[in-house]
Every structure is written in C-alpha cells, then in structure tokens.
Amino acid sequence: MCLGIPGQVVEITDEERQLAMVEVSGVRREVNVACVVEPGAPVDSCIGYWVLVHVGFAMSRIDEEEAAKTLAILKELGEVDEELDAMKESEQSLRQTPPEGERHAG
Amino acid sequence: MKYVDEFRNGKQAQAIAKRIAELVKTLQVSKQRPLQFMEVCGGHTHSIFRYGLAQFLPEEIEFVHGPGCPVCVLPMGVVDDCISIAEQPGVIFTTFGDAMRVPGSKKSLLQAKAEGHDVRMVYSPLDALQIAKQNPQREVVFFGLGFETTMPSTALTLQQAAKEQVKNFSLFCNHITIIPTIKAMLDSPDMRLDGFLGPGHVSMVIGSQPYEFISRDYHRPLVIAGFEPLDILQSVYMLVKQLVDGRCEIENQYERIVPQMGNEVALRSIGDVFELREFFEWRGMGSIDHSGVRIREKYADFDAERKFSMPRLKIADPDAAQCGEVVTGVIKPEQCKLFGKSCTPQTPIGALMVSTEGACAAHYHYGQIEIPLSQVVSR
C-alpha cells in the first residue's frame, strides 16, 4: 500500500475527472493524475510521464531509469504481483453481482 | 536482474556499511548501548528484512520497527465496526485487500464475506465509487485507512462523489496521521530512540517541513529515506554522521520523490475533506491525541459514521499477544510468546502478522533465512 508502483501515462481517458490510462508492468489501469499535472497545464501534458501510482492515484513523477530500478526491487519484494493481483481482483469486484439471499435496501 | 544478489555482492553497500562502522566507533554513547534508529514506515521494515540490512550494520546500531503499517495498528473494535456495517442489509462493503484478513474480536472481513455478506476487495477507492454508481439501489461503503500516503486518494474520491452526487457512496474513515504519532512516541517516558528514518511516501505528500519540531524541540535527527536498500543504508549513514558532527537536523535522502513542501494538490484535498479527531485509538499503542482524521461536516452525507450505527467498542488484544511492545520497539518480534507458534501469517492473532509490512510477518518470512554478514562480504 505504501510502496506504490511505477507506471507510464499512455492516454487521457477522462479529462474532466483527470483520469488517465497508465501502463504498469504490462498491465493497463485507469489512474487519477490530479496530483501530477503541473499547475495550469492541460491534463494531456502528462502523457508519457513516468509516475508512482498509489491505490489508483499517480502521486509523484519519477524518471524512467528510477522507474525501472524501483520495479526491479518491487518485484523482489513481491509487491508487483501483489499490486497486479489487487487490480485484477478489483475488476472482479466491479463485475460482481450480489450474493444470493442478500436483501436489498428499501 | 537479481537485485538481491547484486545488492549483497555490491561494492556500494559494503562501502557505506564500512563508513558507518568507522563513524560509529567514534561515538562515545555507542560504547555503552546500541544506537536505536526507528524506521517509522512499514515499507522500510519490509525492505530491511528482505535485504537483511541489519547485517550490514555494526552491532552498535539497531533498527526499531515503528508503527507505520496501517493495517497493523488497526484496533480490533474497528474491524468489528466494519463487519457490523457489512452485515447491514443492502450494503456493499469495499476495502483494500490488506484489511480483509485482520482479525476482529469474532471474525475478519474475509470470514464475513465467506458467510455471504457482500464484502469486496478493491485496489482503489475509485473502484469503490464506480461500484456505487453501478449499484444505485445499494449502499456502498469504502473503508479508508492508511497514513498520508493513501489519504489524498480517499479525499479526492470523496470530492468526486460529492461533485457527482453519488449519494449511496460513503467512507468509513480510519485514516491516521504521522506527525502526532511521532510526537506521542517522543513524549513517551520509555523513549530511547536516537533518530528516525522518515517515511518516504508519507513525506512525498506532506513534505519535509512538518518534521522540523523533532529536531528543534526533541533534539533528535530524522532522515527521510527511500525504499531501496542503498537508500536505507545511506540514510543510516546520514543519521550517524549527524550524531558524530553533533548536529540534529531534518534531512532528505529521498529528494528525488520528496519535495520540501509536499504535494500541493494532495494537501489541499486532504484539508478540504478531513479534520483532526480529538484522539484515535491504536492497536498496541492506546489512544493518541489528534492522531486520526474524520470527515468534515460539509461532507457529512458521505460519512459512514453518520450513516450507519455501529458498536464502536474498544476491544483489547488477546493477553498473550505482545503487539504493543513489538510496535513500540520494547521487544523484538521473535521475543513474543506467540511468534511463529500460534501466531503465523496463515493464522494471525496480532495484526503485525497480517501484512508483509508488519514487523512480525516480515521477520517470519525473511528473518530466519538471513545470510550472515561474514558470508555476504566474503562472496
């Protein structure tokens, strides 16, 4: 949770909400880029940025070399698999229908 | 690239280790007792164990593993509150995976899920908000936890929910804040730390400036450190160097990520959404003044504490578990009576055994397989 994972911003998916597609270790994930867009700059100025992603939010810019090194270490810490698994499981949570027998509100 | 091997065989690490060893010998105090440096952050704890960093240090220096693993300091009563929300009709309870296995007084969220309650693991609060939009007839609650590293993500999500008026979305806010926590440790009568390794990614958000009181009022040095093993060794060197020079400052080894003033967008969002609580209850550390945040009145409609009834009980840890002593550095993980016996990562009793950032789980996974320094150096 606290280590985050490096990725590269590849396209803007929702300018209004400041969301972008970020490629993280070969996997694409939508990420909020509000914290890394330069003040006054358009959202798409961050395309190509390498960023450190924490729970779906790009929190800091990093350079490409640093990103590669960080990724290598995170792999050894087992954090890359953990993050990618969490992203996958989250996708399932988004698709999930309520378990049977669960009562609805109202 | 095998970073562990490269690091262990690396000349750089050994060179820093040698410089630390030489410096520390010139310090009078280290002859009477080991110097104790606390790494506040759980990410550092993980890295220290994974790379066996303690073996690169002379015996005059000890790491004390601090409270910076958010799920590890989560009180059992809060887990019970989560479960009580999750058990209410029509609720979808969303949480980071780490929190799923933390034991409550009766069960964990994972067990509640197995019983048929709709508990879902999410990678990001953004996904919880998305689930709320997809299920307008259900109440979707996100369990927000963590220090300032994850606080902006929840704050920005809540602002987005308010903007879009996603009224079936709410946050059960259990975020904690680092500065009052460090202050509480410094005020403790047992305080015997000689310095701190400052958290890297909390500092990325808050900057280096908020730590200034530690050197000014408590005369302890703090070095904000990166997570790579060389970063940590370098930071230890910087701490020892300060002590040798008779300096006491806040230094930033992790300048490539940590700006002095932090991240403005993140801080603004945190300030808009959250305010300090009078106190917050920690597992193993008791109640600490102003160490948690709650949701401001203007976002009351999105506050799970106001939306749902919950037991809000204080539940003591099992008597035999010594999590509190481990988390404050009084004993080491393996000195706890339950360590590796009834408390393991598969069957955690205390929360320190749950997350890989917890001192006990890290020690369990890596502690016993460390390679003696003599072998490392001679390779």
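# A two-chain predicted model: a short tour

Residues are numbered from 1 along each chain as its sequence is written, while chains are lettered from A and ligands numbered from 1 in the order in which they are written.

**Chain B as a whole**

- The C-alpha atoms of chain B fill a box of roughly 65 × 45 × 45 Å along the principal axes.
- A compact globule of 379 residues would have a radius of gyration near 21 Å, and chain B agrees, with 21 Å (taken over C-alpha atoms, the rule being 2.2 Å times the number of residues to the power 0.38).
- Of the 379 residues in chain B, 56% count as buried; a residue is buried if 20 or more other C-beta atoms lie within 10 Å of its own, exposed if 12 or fewer, and partly exposed in between, with C-beta atoms placed from the backbone.
- Among the contacts in chain B with a separation of 6 or more, 77% join residues 24 or more positions apart (a contact means that the C-beta atoms, placed from the backbone, lie within 7 Å).

**Chain A as a whole**

- Reading from the N terminus, the elements of chain A run β-β-β-β-β-α-α.
- The C-alpha trace of chain A spans about 50 × 35 × 20 Å along its principal axes.
- Buried residues make up 41% of the 106 residues of chain A.
- Of the contacts in chain A with a separation of 6 or more, 49% are between residues 24 or more positions apart.

**Where the chains meet**

- Here 49 residues of chain B are in contact with 37 residues of chain A.
- Elements of chain B that give two or more residues to this side include α1 (3-9), α4 (42-50), β5 (139-146), α8 (151-164) and α13 (264-273).
- By class, the side of chain B that touches chain A has 20 nonpolar, 19 polar and 10 charged residues; Ala, Val, Leu, Ile, Met, Phe, Trp, Tyr, Cys and Pro count as nonpolar, Asp, Glu, Lys and Arg as charged, and the others, Gly among them, as polar.

**A helix to look at in chain A**

- Helix α1 of chain A (residues 64-76) has 13 residues, which at 1.5 Å a residue should span 18 Å; the end C-alpha atoms are 19 Å apart, which agrees (the expected span is 1.5 Å times one less than the number of residues).
- A:Thr70, A:Ile73 and A:Leu74 are buried in α1(A).
- Seen down the axis of α1(A), the buried residues fall within an arc of 100 degrees, so they line one face of the helix (the arc is that of the directions from the helix axis to the C-beta atoms).
- On the face of α1(A) turned away from the buried side sit the exposed residues A:Glu64 and A:Glu65.
- After α1(A) comes A:Gly78, with a positive phi near 80 degrees.

**Strand pairs in chain B**

- Strand β1 of chain B (residues 35-41) is mostly covered, with six of its seven residues buried.
- β1(B) pairs with strand β2 of chain B (residues 61-68) in the parallel sense over six bridges (strands pair if DSSP finds at least two bridges between them).
- In β2(B), B:Val64 is the bridge partner of B:Met38.
- Strands β11 (residues 279-282) and β12 (residues 286-289) of chain B pair in the antiparallel sense over four bridges, and B:Phe280 stands opposite B:Ile288 in β12(B).
- Three residues lie between β11(B) and β12(B) in this hairpin, and B:Gly284 in the turn has a positive phi of about 80 degrees.

- B:Phe96 lies in the loop between β3 (91-95) and α6 (109-114) of chain B, and is buried, with 24 other C-beta atoms within 10 Å.
- B:Phe96 and B:Leu145 are 49 residues apart in sequence, and their C-alpha atoms are 8.6 Å apart in space.
- B:Gln165, in the loop between α8 and β6 (169-175) of chain B, has a positive phi near 55 degrees although it is not a glycine.
- B:Gln165 counts as exposed, with 8 C-beta neighbours inside 10 Å.

Note on methods
Predicted model: local features only at pLDDT ≥ 70, side-chain atom pairs only at ≥ 80, totals over all residues. Contact = placed C-beta atoms within 7 Å.
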